[in-house]
Amino acid sequence: MPTTALTSRPSAAVLGCQERKVLHAVGCGLGDDEVAAALGISEDAVAGYLARILVKLGLRDRAAAIVHAFDCGLVVPGCGPRAQVGRPVLRSGAGRAAGPRVQVSVLGPLRAWRDGRPLNLGHLRQQAVLAALALRGGRTVSRQELLDGVWGLEAPVTNVVPVHIYRLRKTLRIGDSPDSVIEHDRCGYRLVSGAAEVDLARMEALVSDAGTAHRAGEPAEAVRLCSQALDLFRGELLAGLPGPLAELERLRLAERRIAVAQRKLEWQLWLGQYSEAIAELFALSAEHPLNEPVAAMLMRALYRSGRQADALAVFDRARRRLADDLRVSPSRMLRRTCQMILRGDEAGLGLTGAAR
């Protein structure tokens, strides 16, 4: 018997921003501990958000929430626990199945290649249209969504979306094949599944595999896979692309990179790889000085390596920066980390199960 029975496509509009983030993470198959690490909140908070989500959406359990996350479009097939229903891949001249010959990169400045050769994607608005399609992972994007995401309040006076799509289809066409990497239906436009490889999808697949390795008791493999995922980020995200969508995606992808880095570093600390983790945490903390979960992790890493004074210095530096820049005090989580270091609370700091 199905967990949910829906007669129409559901909506998560009734949820708050943080509730939508939690539902998305749950839909991707993350456990409460992984959701907490990704969003920088406690596991208790995750459980509380999930309980409210179930009540608001009238769902029975976590399984129903996962199904709902897919049905309402918060999770894209292929980027979560469900397998993507693939379309037939493009065929080579010999009739053999060929892998994607077009690659699109959004984890940095937008780039695309065909058979390894870089493509000229045109001016920035046209590039932003391609980025919008690539970021949706095969989901159809309507003309209005493209107008809102790429032009925002500066709506063009002419119907330019089909023009940009036409030019992109020509640019991304594979050889003399009539097949296109971009297809159109009555609802909008999307990248053809299997015809183009997007680095964002590859990154999420690696992170998912890392979580599987961790649950299988293979933290070293989880670290390796996360490292591969992080290596896909290269330079300023969507550099120079205009529009509200690119602006929001820069923020989202930057947060995603931090979350993946945190998961990798937690596993490194568990393995006793203190020197490597501390070096990366110092770099991450310098890049994001107001990120308190990163500061707390750096404090724990320094304490684990016998550097209590340096750990407390990180707290003092974070406290001053928060006061100067935001006029706020350190969060309860950061204060608690400092107190546990002062007390030598190894169990609270997660030392008792780690390789030391």
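Tutor: Let us settle a term before anything else: buried means under 20% relative accessible area, exposed over 50%, and partly exposed in between, with a 1.4 Å probe and protein chains only. This is a predicted model, in which local features need pLDDT of at least 70 and side-chain atom pairs count only at pLDDT 80 or more, while totals for chains, interfaces and linings use all residues. Residues are numbered from 1 along each chain as its sequence is written, and side-chain values use heavy atoms, with hydrogens and water left out.

Student: OK, which residues of α5 are buried?
Tutor: In α5 the buried residues are Gln126, Gln127, Ala128, Val129, Leu130, Ala131, Ala132, Leu133, Ala134 and Leu135. Because ten of its twelve residues are buried, α5 is largely enclosed by the rest of the structure. Helices (H or I, at least four residues) and strands (E, at least two) are DSSP runs, numbered from the N terminus.

Student: And what comes after α5?
Tutor: Gly137 follows α5, and its phi is positive, near 55°.

Student: Switching to α13, which of its residues are buried?
Tutor: In α13 they are Ala311, Val314, Phe315, Ala318 and Leu322. Seen down the axis of α13, these buried residues fall within an arc of 95°, the arc being that of the directions from the helix axis to the C-beta atoms, so they line one face of the helix.

Student: What do they pack against?
Tutor: The buried residues of α13 pack against α12 (292–304) and α14 (332–343), where contact means heavy atoms within 4.5 Å. On the face turned away from the buried side, α13 carries the exposed residues Ala309 and Asp324.

Student: New topic: which residues touch the most other members of the largest nonpolar core?
Tutor: Val106, Leu172 and Leu191 do, in a core of 83 residues. A nonpolar core is a set of buried Ala, Val, Leu, Ile, Met, Phe, Trp, Tyr and Cys residues joined through side-chain atoms within 4.5 Å. There is also a second, separate core of 19 residues, which includes Val22, Leu23, Ala25 and Ala65.

Student: Last one, is Arg190 buried or exposed?
Tutor: Arg190, which lies in strand β5 (residues 188–191), is buried, with a relative accessible area of 14%. The side chain of Arg190 makes polar contacts with those of Thr140, at 2.4 Å, and Glu183, at 2.7 Å. A polar contact is a pair of N or O atoms within 3.5 Å; within protein, one must be able to donate a hydrogen and the other to accept it, and residues adjacent in sequence count only if both atoms are side-chain atoms.
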